[in-house]
Amino acid sequence: NAAPKVKSGLNINTHISIAKITGKVVDEKGEPLVGVSIRIKGTTTGTQTDASGVFSIDGDSKTVLIVSYIGFATKEVPVGNKTSLTITLTANTNLTEVVVTALGIKKESKKVGYALTTVKGDLLDKAKESNVAYSLTGRVAGLSISGTNGGAGSSARILLRGVTSTSSTQGPLFVINGVPMDNTQRGQSGEWGGADYGDGIANINPDDIETMTVLKGQSASALYGTRATGGVILITTKSGKKNSGFGVEYNSNYQMDKIYDNTDFQTQYGQGEFGVKPANLAAALSTGSLAWGPKLDGSSVIQVDGKNHPYSKTSDDYTKFYKTGNTFTNTVSLTGGNETGAFRLSLSDMNNHAITPNSGLNRKTFNFNGSQTVIKNLDINLVANYILDNEKNRSGLSDGPGNPNNVQFLAPNQSQSTLAPGTKADGSEQSFTNDIYVTNPYFAAYNFVTNSNRERLISSISARYSVTPWAYVQGRIGYDNIHDKRFRVEPTGTAYVSGSNGNLKIQQTQTTEFNADVLLGAKHDLIKDFLNLDMSVGGNIRKSNYDGIYINANNLILPYFYDLSNGAQRLSGNIGSDSGTLDDDPKRLQVNSAYYTADFAVKNFLILSTSGRYDYYSSISKALGPGFFTPSVSASFIFSDLTHINGLDFGKLRLSYAKTSSAAAAFTNQVYYSVANSINGVPAATFSSQLANTKLKPYTLTEFEIGTELKFFNDRLGFDIAYFDRKTKNEIVNATSDWAAGYTNYYVSSASVSNKGIEVEIHGTPVRTNTFSWSPSFNFTYINNKILETDLEGANLGLGTYRPLNATTAFVKDLPGPQIMANDYKRDASGNIIFDATGNAETTARIPMGSVVPKFYGGFNNDFTYKNFNLGFLVDYRFGNKVLSATNYYSIFRGLNKMTLEGRETGVVGVGVTESGAKNAVNVPAETYYQTLARNVSALNVLDGSFIKLRQVSFGYSIPKSILGNSPFNSITVSLVGRNLWTIMKHTDNIDPESNFAPGVNYAGIEGTSVPPVRTYGLNVNFKFKK
Amino acid sequence: CTKNFEQINTDPTKVAPTLISAPFLMAQAQIKFSNSGYDQLLFQSMWSQSLASTYDYYGNGDKYIYAGSGRDYFSRTWNTSYGSSTLIDEMKNVIKGNAAFSNLDNCGTILRMMILQRITDAYGDIPFSQEGQAKDGIVAPVFDTQQSIYTSMLSQLEAATAALDVSKAGPSSDLFYSGDVSKWKKLGYSLMLRAAMRLTKVDPATAQKYAEKAYAGGAMSSIEDNAKVKADNTNGNGNSDAAALLVTDDFREVRWSKTLIDYMKLTADPRISAIAEISTGTGKKANETQVVGVNTASLQVGMPNGYDLKGGATDIANAPGYPGTSPANPAVTGDADAPVGKYSRPQFAVYDDRNRYNFLMTYGESELLFAEAATRGWSTGTAATHYANALTADLQTLAQFGTTSVPAASIATFVAAHPLIAGTALQQINMEYFVHTSATFNFNETWANWRRSGYPVLTKVNYPNQFATTIPRRIPYPLGLPSTNAANYAAAVARLSGGDTFIAKVWWDK
C-alpha cells in the first residue's frame, strides 16, 4: 500500500537548530485542514492545527513530523531547515474514505467491521422524487423501498435486510446531522379507504442532502440501542466550508408526470348487465361500472349523463380523467466561510400539481447549517431545518367514499367525461353506479376536501471542545417539533351521506422529540505504533411526545358551509379516544441512555470494536427490571496489508455480532378505563378491547454478519459482499382472541423471525480515459425470510386485506412473511376443478399463496462521462414476490378483464367435475359465473410481482469554463432526467406490480383503486455563481 | 431523572383503575347490547319475515344469499353481545367482594344472562363458563353445550333475582330503570320465564318448573317494567337501527314484510297505522325523501320476501299482488319510477328516530309467555287474562317510542275483539309475539320465538345460490374462531348435526 511520501519541494538540508516550527496543513485544493494531528516522530509531543489549518511546534532540523488526519494519508515530514511549512495532505481516495457511523462518529471506512453504504446527494437531487426515500430504490444492497400510489409526498415502506419483525410498522431510524428525526407515517389507507398522509422523511429537501449513510446490520446501528432493530439511515445535510468565501448556487427543476396505463382490458363488450344495454337512465346509473352488456355495435345508448352516446370503444377513457402532473422545484443556497466559521443557508420551494385533478403539494424548506470556532478548540454548530408542507386533496385510495380513482373501472364504451361535472343541477353528487359508496370521481376530486399541512422545525445545536489533540467532549441538543393539521370535508350532497348536508373533520396533532446527549471521545496509542484505542462514551436523554385533538362536525346545518360551527352534532376528543379512530393513541415517552464504543486497532490492519448501550424506558414496568443492554462486537481485518496479492489493492474481512432490542410503546402496560359518552345524562365508561401488556419486555434481535471488501486494479473493480443471519426472539405479538374471551387482542411474547441473506455490491470503472469513463455498479440482495414462531398456538398473525375481503395477508409459521392467504380452486385428486351444483367453482380454505416481499432485489447503475457530458441510468429489479390485486378482482367482477370474454354470449360451462366426479355440464350466464368466481376464488387475484424497470435516466451537460468565460457563473449544469420510464419485465396484467395503497407492512403487496403510476420527465438546471 | 417515569407513562386521557366508577360500565353494556342495528337487520329481521328488502346487502336476510360482506356478518351478533358482557364481567371484577355493591352485582348477573342468552340462541353452544376471562389467562374459552348453559342460566337468574334487596341502593348508571331494584327483580323473573319457555320443545319439565318459579317470584306487571334503552344521538349513541335505515338505499328499499302486514290486516290490527307508512309523494325522489309518510291502514302493503330489482324472474314487479310502481313525478327533474314505492316502510318518524328506544324485554312478552305456560296447563295463572293483558300492553307499549301511539279506544276494541280461544291459543299467542316483537324492532326475539313455536308459519324464499335450504335457524360461528379458538371451535362444530351451517338447529330447537 502507498507509503506516506514526502511532498517534493521541501528541501531537506543539514540540521539547523531552531526553536519553533510553524506550518499550515492544506488539502489538495489548498483548503486549510482543521484539527490535523501533528506529532514529532519518536516522541509523544504533539499539537493540532487550528481553525486556519495552522500549527506551531518546537523542534529542530532533524525533527520529523507525523501529520495525520482522518480521511487523508498520514505523512511523515522531515523539517530540515524550513521554519515555515506548507504541508499538503492527499485524500487517499477510497482506501481512507471516511464514513459517518452511529452517533455521528466518523471512522475510516477500512476500519469498520460491518456493512454500510453511503449514497451521495447528487444521486438524489436531479431526478427528484417528492419523497427522497424513493430515490434510494435500487441503490443500496439490503435496502428495499416501496412506494405508495397516493400522489406526491406519499409514504415509503423501507425495509433493511428484510421484514425484521412481525410488527406492521417497521423501518429504519432516520438520524439527521446526529439527531434522530421523526418518521412516523401520518395515516394510511386501509381496505375501507382513506388517504396516504405521508411520512417524516418526505419532508426533507433532496437538494439539502450531502450524503445518506445506510447502517444495515445491527452492529452498525447498535449504538442506537432499542431503536436500532430496523436499521439506521444517517442523513448529513450540506454545510459551508471554512475559508471558502461567499458562494451562491441556484438549482431549478421542472418535472412532468404522465399517467402510465397498465390496463389491458377487453374492448368488445360495453356497459350493461346480462348482455343487455342500459335502456334508460336508471339502468345506466345502476350499471355504471359493469361491462356485461352486449357486443359493442356502435348504436346509440344512454349513458350516466342522460345523453345518448355511440355504443363503441371510447378514446375518452379513464386516463383522460388524470392531468399531466408537474413539479417545479427551486432552491437557492448561500454558502460562506472564513477562518473561524462557515454557514450554508438554503431556501427551497417545491410546487406540485398532481395527476389527480384538484390535488397537489407545496413544500417550502429553509435549511441553515452554521459552525463557528468560538474560542480556541471550541466549535459550535447550529443546524435548523424548517419545513412548511401543504397538501391539497390527498387522493382517496382503496375502497371508500371520496376516492376519485374508481374512474379506472369504466366499461369500454363509457367516456369518462360523461361523469363530469359529478354533480346534479342541485349541486348534489351524481352517482354513476348503484353503489353510493363509490363516489363519482369528479365529485370526489372537486367536492371532497382532504387537506393536510405540516409545520416542522428540526433543529440541533452542538458544541465540541478539543481537550487535547486526542480527546474531545461534545454536547448536543436536538429538537424535532412537528405540528400537523388535517381538514376533511364530506361535502353537501354526497350520495352516501344521507339526510344531512355533510360532515367535516378537523384534526391537529403535535409531535415532538427532544434529545440531549453528551459524548467524550479519545484516541490514543496504548502501545506506541502498535495498539491504538479510539473510544467514546456518552449519554442521551430522549423525550418523545405525541398528542392532539380532533373534532368532527357531523350533520352540517347549512349546506356548503364547512366550518365547525355548522355542525348539528359535534364530537371531539383526544386522538385515539373511543369515539374517534382517526389516529394513534397519545404517546409520552422518556428514555435515558448511556453508551460506549471502543475500537482497538492493531497497527492499521486489525481493528476490534465493541459498543454497548443501556436504555432505560419510562414505558416498561419497573417490575421487569431497570432496562436493556444492547452490545455489539465487530472486527475488521485488512489482510491486504499483510500479504501482497497481485492486482488486489485492498482486501478486508469483517465479522460482527450484535444484540439489540425493540422499543417499548408507551401506555400499554396498564389497564385503563375511559369515560364514554353519557347516554341521556347517565354516565358510562368503557375500556379497551386490547388486554394490557403488564408482563412483557420488548423483543431482542441478534445478528451475525460476515463480509469482505475487495478492490482490484487501482480501484477499477471492487466488491463488497456481506452475509448476515439475524433472528428476533420473544417478539410481542398482539394476538387475536375472540370477543368471547372478553378482549379481542392480548399480548404474548412469542414470535420470532429469521432473516438470512446475502448482499453484493460490485462497482467498477472498466473504461477510464482522459475524456471518457464508464462506471457501472451493480447490487444484489437475496433474503431468506422465515417466520419461526407466531403466537403460542402457532396460528397465523393476520395483517391486512383488500376490499373484496376474500383474501388477507398474514404471518404464517415456517413460511416467509407476509403470506397472501387466498381461496384457491378446489380440485379432485387428478387436479380437476370441482364445480358445485349451480355450476360455480368450489374453493379451498384460505391457503398461503406466497410472500409479498421479494426474495431477490437490487439495481444496476451505469454512469458514463464524456468530456462535459454525462449519462446515467439505473435499472432495478425485484423477484419472487406476490401481489394481491383488487384491480384484478374488480376487472373480473365488472367484466373488464379479458378472461371474461370466454363464454360471454353462450354462458360458461366450467371445465372440471362435479362433487360426484362427473363432468361438469352446468351452463352459467357469464356475468353470474365470473362474478361468483371473482368472489370465491380469490387466488385469481394473487399475481406475480416480479419486475425489471428502467428506474432512472439522467443526461447532463456542464457548460465548459471556457464558454462561461467572464459570465457571472462558475458553472452551469443542465440535466434531462426521467424516472420510471420503462417496465422492462413484469407479470401482472392490468397493474403495475409496485402498486400499493398503503405503506404499512400489513398492507404490503395489496393494491387497488389508487392513483395510477406515472412516468416522470424533467429538466434540472444548476447554476453556481462566481465567488 | 427517572423518578417521573411512572407519571410519564400514564396516559393522561384515560381513567386509571383507582378512579373508575364501576357502575358506569353497566350503562355502557346496556347501550351497546341494546343498540344492535345491522346486527339484527341483516339476518334476523328478514329471516323472521318481519321486514323485506329488494336491496343488495339485505340479500343475506331476505333471500339467504351472501351479499355485501356476507360471511363477515356472522360475527355481528356474537361480537356486539360478548363485547357487552365483557363490560359486565369487568364491572363485577371491580366490585368483587364489596357488599355495598351487592345489588349492582346481581343486576349485573341478570343483564349478563340476558346478553348470553341472545348469543346462545343464535349460535348454539358458546363460551359461557369461561366467557370473558382473558384477563385470567383464558384466551381460548371452551364452548359449553347449550343445555348446560340453560341449566346454569336459569339457576343464576334464580339466585341473582332472589338476592336483590329492594331496601338497598340499586345500580347508579342504569339505563333500564334508573336504579329501581324492584323493577330489576321483575326483569329477573321475566327473563327466567323467557329462558324457561325456550325449552318447551326440548325439556318441558324444566320449562314448567322455572315458568312457575317466575310466576311465583313476580315478573313484570306493567309496561312501566319494560326493559328498554333510549338512544342518545347528540352524544354519539344514536340508534343503530335508525342509522342503518337512514342510509339512502336502506330507506328506499327496506319494507315491512308481506307476512307481517297481511296478518295485521287480517286481524284489523290498529297498530298498522302506528308502525307503517308509504311515502307521501310519488317517484324515486319522494321515495328517498326522509319525511313522514302516509299511514292510512288501507294503503299499507307488505313486501314479499325474496324479490329484487334486477329485471329477471325475481324482480319485484313479478311478485304476486305487486301494487305497481310509484310513478315518477314529472315536476321533479330527473325523477324515475319507484318500483317499491307503494310498499309500506317502517314509519320514518318512529323507526328512523336516532334517539329511539330499543326494547329488550317487555311486560307484553312476559304476559304472552305466561299465557302459553297456562295454556300448557302449568300453574302460571289464567291464559286468557295474560293474553288480554299482553294485547293491551303491546298496543300501549308503542306509545313508549314517544313518536307514535294507538288510540286508547282502538286498543280496547281490538282487545275485546280478540279473546284467547282455547283451540287456537298457541297460534294466537305466538302470532302476537311475532307482531309485537316486530313492532318493537326486537327481531332477535321474533326469530327465536318463531324457531321455538313455529309461528308465524313461514314459507321459505327461493332464489338462486342460497346458502340455506330452509329458512335459517342458526347463525354460523364467526369466521375468526377457527384461528382464535381452533380446538374449542372444532369441538363445538362436531356436536352440531349438519355442521356449522345456517340450517343446523340449536339444542332447544329440536
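**Chain B, overall**

I began with burial in chain B of this predicted model: buried residues make up 59% of its 510 residues. A residue counts as buried if 20 or more other C-beta atoms lie within 10 Å of its own, as exposed if 12 or fewer do, and as partly exposed in between, with C-beta atoms placed from the backbone.

A note for my own bookkeeping: residues are numbered from 1 along each chain as its sequence is written, while chains are lettered from A and ligands numbered from 1 in the order in which they are written. Since the model is predicted, local features need pLDDT of at least 70 and side-chain atom pairs count only at pLDDT 80 or more, whereas totals for chains, interfaces and linings use all residues.

Next I looked up the secondary structure and found 23 helices and eight strands in chain B. Helices (H or I, at least four residues) and strands (E, at least two) are DSSP runs, numbered from the N terminus.

Then I checked the overall dimensions. A compact globule of 510 residues would have a radius of gyration near 24 Å, and chain B agrees with 23 Å. That radius is taken over C-alpha atoms, and the globule rule is 2.2 Å times the number of residues to the power 0.38. The C-alpha atoms of chain B fill a box of roughly 75 × 65 × 45 Å along the principal axes.

I also looked at contacts, where two residues qualify if their C-beta atoms, placed from the backbone, lie within 7 Å. Of the contacts in chain B with a separation of 6 or more, 73% join residues 24 or more positions apart.

**The cores**

Which residues touch the most other members of the largest nonpolar core? They are Ile110(B), Met192(B), Leu193(B), Ala196(B) and Ala211(B), in a core of 302 residues. Such a core is a set of buried Ala, Val, Leu, Ile, Met, Phe, Trp, Tyr and Cys residues joined through C-beta atoms within 7 Å.

Leaving aside neighbours within four places in sequence, its contacts are Leu154(B), Leu157(B), Glu158(B), Thr161(B), Tyr210(B), Lys213(B) and Ala214(B). A second, separate core has 16 residues, among them Ile21(A), Ala51(A), Phe72(A) and Val77(A).

**Where the chains meet**

The contact takes 62 residues from chain B and 53 residues from chain A. On the side of chain B that touches chain A, helix 6 of chain B has the largest share, with eight residues. I sorted the residues of that side of chain B into 27 nonpolar, 25 polar and 10 charged. Here Ala, Val, Leu, Ile, Met, Phe, Trp, Tyr, Cys and Pro count as nonpolar, Asp, Glu, Lys and Arg as charged, and the others, Gly among them, as polar.

**A helix in chain A**

Is helix 4 (residues 886–893) of chain A enclosed or open? Eight of its eight residues are buried, so this helix is largely enclosed by the rest of the structure. What covers them includes strand 48 (882–885), helix 5 (926–936), strand 52 (942–944) and strand 55 (1006–1007) of chain A. Just after the helix, Gly895(A) takes a positive phi of about 75 degrees.

**One loop in chain A**

I found Ala411(A) in the loop between strand 23 (378–392) and helix 3 (441–446) of chain A. Ala411(A) is buried, with 28 other C-beta atoms within 10 Å. Its C-alpha atom is 7.7 Å from that of Gly288(A), 123 residues apart along the chain. Beyond its neighbours within four places in sequence, Ala411(A) is in contact with Gly270(A), Gln271(A), Leu290(A), Ala291(A) and Gly293(A).

Pro421(A) sits in the loop between strand 23 and helix 3 of chain A. A cis peptide bond joins Ala420(A) to Pro421(A), with omega about -5 degrees.

Pro456(B) is in the loop between helix 21 (443–453) and helix 22 of chain B.

Two residues other than glycine have a positive phi: Leu103(A), near 65 degrees, and Gln49(B), near 55 degrees. Leu103(A) counts as buried, with 22 C-beta neighbours inside 10 Å, and Gln49(B) counts as buried with 29.
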